[in-house]
Amino acid sequence: MSSIMLKSLSKQYTNDKYTLDDISLEIKDKEFLVLLGPSGCGKSTLLRMIAGIEEITQGDVYIGDVCVNEVEPKDRGVAMVFQNYALYPHMTVFENMAYGLKIKKIKKAEREKRIKAAADILQIDPLLKRFPSQLSGGQKQRVAIGRAIVKEPKVFLMDEPLSNLDAKLRNEMRIEIKKLHERLDSTFIYVTHDQVEAVTLGDRIAIMAEGKFRQIGTPMEIIDCPVDMFVANFISSPPINYMDASLIQRDNQVYVEVDGVLLETNLPLEVMEQAPEIVAGIRPEHCFLTEDSEDALAMEVLFTEIIGTDVLVHLKYKTSSFIVKKSFTQTYAKGQKVNAGISANHVHVFDRQTQKNLRCRP
Amino acid sequence: MSLAKLKTGIHYAMLILLSVLMVFPFLWMFLISIKPKSEVYSGSLLPSTFHFENYIRVFTETKMLLYLWNSISVSLIVIVFQIFTAIFAAYVFATAQKRWVRYCFVLILATYMLPSAVTYIPSFILLSKANLLDTHIGYILSELISIFAVFFLRQSFAQVPKDVVHAAKLDGAGHLRLIFTVYIPYCKNAIASLVLITFIYSYNNYMWPSLLIKSEENMFVTIGLRRLFMSQAGYGMDFPLAMAACAISLAPMLILLAIASKRIIHSMANLYVNK
Ligand SMILES: Nc1ncnc2c1ncn2[C@@H]1O[C@H](COP(=O)(O)OP(=O)(O)OP(=O)(O)O)[C@@H](O)[C@H]1O
Ligand SMILES: [Mg+2]
């Protein structure tokens, strides 16, 4: 059993500030949990506390049914990929991976078999005899992953393990990590900045900000119903478009009105009772460009950005910017006037005061 | 001539002058060591005839060989103990988070600030109570731990990246394994420097051994040389012989310099120049 439970966990580095502030979370056995959050929000700190190499200020960490607060790091059955790799500089790549296995008294043949297998997966076979100082950042990173996976631990802690790889290698390694998770029956906690990684790998995603969890849920739940404007912005790449809007009721339906354009929503009628001031959040992929000026907003093209087979059209609407994502079929000139439409039922409605999603909070 | 060239010219001139100043006494020593005894006070720098047999006389007429053996063997034993004890102490002081450990370190450093003469009398009394005066064991016991070595190693142990240590702990390493597979290999250059510095210090050590060691068969090179000067003072000193003995006493240091000059320069620079 390698479920993980965090109970009211807090961390203070200095007296005036909580780096982690009373967080609780239960991670199921064999679950793949992704931690997503802006720089400095405490992701690495959390991993290190689970690993046992950072002191706990308050609260408890359970691995399985055991409170591991007082358990030595080596006895927790975790392996960690450090954000800065932390390879042993005086050992070769092979020795780096063999170190932990030797201590665990794993036989030489078995050691070599595991290291060979890991090296194949990570494409570092030709590097085994080199020292870390002779490797590039991306190569070091793969060695760091290798050092963790040969240990076949109950719990994997990975701190941005793919951040230094090129796009192609990153896609390949992402798939390898997914496979690894399916093969190894371990629990994974995986820190990333990359929404694509978060959504494709995670059984659940925990979005953090300033030492707290903002939302924990499956990728679908978070994309479908981000609890507040921060989460909506963070999970959306390119960033979500926010517009001032108001709520209107017609025929027992609640509509969002943006400058005369009505957008259908599936909000319950009760929200009208509080008559909140709102901000509409619309994802770039839920917008389209149209000839039709009816039910669309007149905008001006600023520039376009081609991403693979898609294009991001950056637009100017009044004084703010607006992004539309569409498949790449034609080019747009700077200054060109276009009409942006919004697909029905794809608008997120946030309370302007509290920044909360009206749909998630009754 | 450009200003830059003039500047390097002046630098070189100063370096050459200083080098000559440093080397001259050694050169003089060497020249006296090959003179006949009668020419020591002759006033000319160069000998009229060369008497290299003075060097052979050092080994036949004095106990220089024994002194050399004593000095080198005892220094090597001292190095082993000092490095060994320093490694463990440095590990504790470099890694322990507890406040009282840090206070201990400051306290120990403070004793390093004391003039070493302050400890001579208590050490002497202790060794005499233990009946270890005039023995190598007594000297080695009094040099088991070097505060300098502890400090020096602590500083380099503190350079080992925290996460590398964390990774090793997660890999299952305990204290001993951490020391021997992470700290020592990571700091092997610093340790090599420390070995050299310790050897040079121990080989040159004069004051304390001269108080402790009295009998001839236990003498080190430093005290042995003094004895050579003193013993002949009565009936006209044999300066060429004494100078030849001095030159021979330099031999181990010169060999060391030949083998590891780069490392010695590097470690001395590290020691005295703030990086
Ligand atoms: N040893 C330390 N002493 C004091 N403050 C620290 C220490 N380590 C981290 N912090 C602070 O704690 C906060 C969280 O740091 P942490 O490394 O966990 O962030 P992170 O979420 O991993 O960020 P990133 O995405 O940039 O890696 C930061 O504000 C950081 O400055
Ligand atoms: Mg981090």
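**Close-up 1. A:Phe230 is partly exposed in this predicted model.** Its relative accessible area is 24%. A:Phe234, by contrast, counts as buried, at 17% relative accessibility. The cut-off matters here, because buried means under 20% relative accessible area. Both A:Phe230 and A:Phe234 belong to helix H8 of chain A, which covers residues 229-235. The two are 4 residues apart, about one turn of the helix.

**Close-up 2. The rings of A:Phe230 and A:Phe234 form a stacked pair.** A search of the whole structure gives 19 aromatic pairs over all chains. In the pair A:Phe230 and A:Phe234, the ring centres are 5.6 Å apart and the planes meet at 20°, so the arrangement is stacked. The ring of A:Phe230 also has the charged end of A:Arg214 over it, 4.7 Å from the ring centre.

**Close-up 3. A:Arg147 lies over the face of A:Tyr88.** The distance to the ring centre of A:Tyr88 is 4.8 Å.

**Close-up 4. A:Phe32, A:Phe156, A:Phe188 and A:Tyr190 make up one aromatic cluster.**

**Close-up 5. B:Tyr139 and B:Phe220 are both buried.** They form an aromatic pair that is edge-to-face, with 5.1 Å centre to centre and 65° between the planes. B:Tyr139 lies in helix H6 (residues 136-142) of chain B, whereas B:Phe220 is in the loop between helix H11 (207-212) and helix H12 (221-231) of chain B, so the pair ties together parts that are 81 residues apart in sequence.

Technical notes:
Residues are numbered from 1 along each chain as its sequence is written. Chains are lettered from A and ligands numbered from 1 in the order in which they are written. This is a predicted model: local features need pLDDT of at least 70, side-chain atom pairs count only at pLDDT 80 or more; totals for chains, interfaces and linings use all residues. Side-chain values use heavy atoms; hydrogens and water are left out. Rings of Phe, Tyr and Trp (its six-membered ring) pair if their centres lie within 6.5 Å; planes under 30 degrees apart count as stacked, over 60 as edge-to-face and the rest as tilted. Buried means under 20% relative accessible area, exposed over 50%, partly exposed in between (1.4 Å probe, protein chains only). A charge sits over a ring if NZ of Lys or CZ of Arg is within 6 Å of the ring centre and within 35 degrees of the ring normal.
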